[in-house]
Amino acid sequence: MDNKIIDKFLKFIEKDVVPPIKKDFTWLAKTITKDLEKLTKDKKQSKKKNKS
């Protein structure tokens, strides 16, 4: 009986809990990547301005 309860709980987590978390982490990873790209572009531009 305990195994059935545990199996149901694990299936619930797999179906209902994991997908939203994956979406959140995907969104977070994209946002961090965009921010890092902006930061590196800003630094490269500022170095060019200092040289001229």
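1. L36 lies in helix α1, which spans residues 2-51, where helices (H or I, at least four residues) and strands (E, at least two) are DSSP runs numbered from the N terminus. The model is a predicted one, in which local features need pLDDT of at least 70 and side-chain atom pairs count only at pLDDT 80 or more, while totals for chains, interfaces and linings use all residues. Residues are numbered from 1 along each chain as its sequence is written, and side-chain values use heavy atoms, with hydrogens and water left out.

2. L36 counts as partly exposed because its relative accessibility is 49% (buried means under 20% relative accessible area, exposed over 50%, partly exposed in between, with a 1.4 Å probe and protein chains only).

3. T40 is also placed in helix α1, and at 42% relative accessibility this residue is partly exposed. The T40 side chain reaches the backbone oxygen of E37 at 2.9 Å.

4. For the protein chain as a whole, the secondary structure comprises one helix and zero strands, and buried residues make up 0% of its 52 residues. The chain exposes about 5500 Å², of which carbon and sulfur atoms supply 62%, with accessible areas coming from the Shrake-Rupley method with a 1.4 Å probe and, for residues, only the protein chains shown counting as cover.

Conventions. A polar contact is a pair of N or O atoms within 3.5 Å; within protein, one must be able to donate a hydrogen and the other to accept it, and residues adjacent in sequence count only if both atoms are side-chain atoms.
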